[in-house]
2 protein chains.
Amino acid sequence: MKEQNISIVGSGLVGSLLAIYMAKRGHNVHVFDRRPDIRKMKVVQGKSINLAMSDRGWKGLEGAGIRKEIEKVALPMYGRLMHGMDSSLTYQPYGKEGQAIYSVSRGLLNQTLLNCASELPNVSFHFNHKCADVQLEHKKVVFEDNGEEKEYAYDRLLGTDGAFSAVRNRMMRLDRFNYSQSYLSHGYKELEIPANADGSHQMRKDCLHIWPRGEFMMIALPNPDGSFTCTLFMAFEGAVSFEKIKNPDDVHAFFNQYFPDAKALMPELIDDYFNHPTSSLVMVKCLPWNVGGDVCLLGDAAHAIVPFYGQGMNCGFEDCWEMNKILDETHEDWDMAFDQFSRERKPNGDAVLELALRNYIEMRDKTADPQFLLQKKIENWFSTQHPDKWLPLYSQVTFSDIPYHQALQNGLRQDEIMKEVLAIPDIEEVWNTPLVENKILSLL
Amino acid sequence: MKEQNISIVGSGLVGSLLAIYMAKRGHNVHVFDRRPDIRKMKVVQGKSINLAMSDRGWKGLEGAGIRKEIEKVALPMYGRLMHGMDSSLTYQPYGKEGQAIYSVSRGLLNQTLLNCASELPNVSFHFNHKCADVQLEHKKVVFEDNGEEKEYAYDRLLGTDGAFSAVRNRMMRLDRFNYSQSYLSHGYKELEIPANADGSHQMRKDCLHIWPRGEFMMIALPNPDGSFTCTLFMAFEGAVSFEKIKNPDDVHAFFNQYFPDAKALMPELIDDYFNHPTSSLVMVKCLPWNVGGDVCLLGDAAHAIVPFYGQGMNCGFEDCWEMNKILDETHEDWDMAFDQFSRERKPNGDAVLELALRNYIEMRDKTADPQFLLQKKIENWFSTQHPDKWLPLYSQVTFSDIPYHQALQNGLRQDEIMKEVLAIPDIEEVWNTPLVENKILSLL
């Protein structure tokens, strides 16, 4: 297969992993980024956003031969720990014994991926290169580098430049390019629970903490340094909202009312609250993802989603794995490969967005609902009896690589079945009896 | 009220009408356009796209005091004339006796509006000015004029630069700006039925001609010079589609099969078919339409729709009227006015898009359906008996200024009622009897 001159715009998580895949296929890879090399930047103190790596992410890393490098910096979380208004705790495992999602720092992960890519002789990085234009007809990409314009010719251009992709912006001007960007009415703010003096964690570090409060919620993910990164998700405007919290008294009152146990662990709460921005949450959809065999979008550039299923990075890494597989299957017929990738992957991009939106409702509202917790308990119990007949939706998304759109369909069907099961009289008492088992078997 | 320096980007139909409104309010108006002055360009032969002016359009013109100027160049169309596969004709009036929509040439209308605006001392035009950027924070708009960049300061910036608006493109980069562009899977091609040798029309000129064919259709609108502008709407790909028509033989076969009567009047059909582009149809939605009291979008820039209800221009002219009204009501509190315009007008922009999509199905499919024609006949009959109780949807949209979103709601309710009426036994026989009249009255 002919060596290609491949330009990748964006050296974030997806771009740097994709560079490794493309280089290992034997191509000449140039990776561009508008930002400086993050490996040479000071880490912004405590502001490492945390990600949750799950099976699809690991699969993507394994396909590029770098899973072991990342395992070293990942903390397992085996379940959700729900914090009630009265500080009571309820634990819900994510999957079967031993199954976990892994908290990793975005910064550390990106640095590790960049290091792995840099070790390959056929990968070059070009930082401080802001993509200014793509000359589709001449197959050249134009960058601004300190006010100077530079052109680079490419055989293939891969856009991994995120939710606000410059490559996609150029594609938007093509005839019949469908595009939408929409913002949630909810935003988020990062806060911190620091480590104990001895560097240990102030709460259990083997789970993801959730404070579900109906219309809003807070979550906390553990960091290796003993701290937790907390994220408050809430409406921008309305009865309980960011706009209503204007001064330190408001913050005290709000956290005393809704998050008293967390507040006791947050000595810098007031400073953090007012120093950290309230950020928005954007969703992006587009179609097609490619321009013939010349240009293709992957990751957030193709399908930016909201973070509530922890699948943004996982989906992006699976994109890389999928693209690599399709290039194998098509023997690098690039026209065919990019068309196939866009056509086959798009329904999964749409489905993971839908799943993520549904999970926001689930996390902030349903995890505090005894009926919901009972449903999950029954599903787990039945799934243990009949692992070939029932895989809970969360496990399909997180601990399998069943295509997202298939998982979403399965999940909708499971919900229908469970509606009937929860209607069984005294279900709280009989949930783990042959009666329920046979009922589910009859509905499948 | 304080004189404002108002920049309008886009000198098309909406921009030139809006300039008149703003100038008559006493402001200093600069209108910019990327194109040359169309009044100085050669008219592209026979390629005057036709528009159908109806009540909302006339209201917009009247509010600016220029209705009479436009009436001179408008041809009334009192109904639809459906052409069957067997060349049979079926006529359906648009409204009551004397009500009509008016065929006007886009070019001539735009020229007339530009002339009216140019007569006002406080309007200046700047052609060949391509909007390159809007510096929102400095309230300056930047244009490219022959490779040179020019900045203009504004107090208020109005974006009337159409479906591919540069002003809106700048707004897209703002946080929490929602946007979508989506294309129909159908496209269109313009064709022509020329005038007779004596300059008269080859078909009735007092109606809009439709060749409904289920999944596709052709329409024809009369021009004052005796010709008709025909538009073929059809899928880009699929069983019957533009991609399937590759050579003159295909065109002959297709038109012989589906449009034999029209074909007989189209001597240049083959040349027209292959010389004219197959164009796409885009729909644009966004929110908000304004940036505080600084910038506001009107017309297609805010809500580009498909052409099937003939409401694109009418809605844009109503936008101008509405903005003028709100500026009166708010005593030119620009922040309040732009917010109110965006908030109140947006549901109407969404509704007219929905109405236009529904009308495509209606025109290409239902106008050939006897049940549909019967329904319309009953509605017209009942409406004549009880004009205060029933205004057909088409009349609400076309011959009234009931807000579009209200009209859409009313129309959905009317469809529900008519479903029951059409289920009356022997409705074909009893349609205009007290039985039906009382049935409708009981359902209202």
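Buried area is the accessible area (1.4 Å probe) that two parts lose on being put together, summed over both. The model here is predicted: local features need pLDDT of at least 70, side-chain atom pairs count only at pLDDT 80 or more, and totals for chains, interfaces and linings use all residues. Residues are numbered from 1 along each chain, chains are lettered from A in the order written, and side-chain values use heavy atoms, without hydrogens or water.

**Exercise 1.** Find how much area is buried between chain A and chain B, and which residues of chain A supply it.

*Solution.* Start with the total: about 1,400 Å² is buried between the two chains, and carbon and sulfur atoms give 39% of that. Next, look at chain A, where Arg176(A), Gln181(A) and Tyr183(A) supply 43% of the area this chain buries against chain B, more than any other three residues. Finally, count contacts (heavy atoms within 4.5 Å): 16 residues of chain A touch 16 residues of chain B.

**Exercise 2.** Count the salt bridges between the chains and describe one of them.

*Solution.* Apply the cut-off first: a side-chain nitrogen of Lys or Arg must lie within 4 Å of a carboxyl oxygen of Asp or Glu. The count is two. In one salt bridge, Glu237(A) meets Arg176(B) at 3.3 Å, N to O.

**Exercise 3.** Work out how strand 13 of chain A pairs with strand 13 of chain B.

*Solution.* Strands are DSSP runs of E, at least two residues, numbered from the N terminus, and two of them pair if DSSP finds at least two bridges between them. Here three bridges join the two strands, which run antiparallel. Within this pairing, Ser180(A) stands opposite Ser180(B).

Definitions and conventions:
Helices (H or I, at least four residues) and strands (E, at least two) are DSSP runs, numbered from the N terminus.
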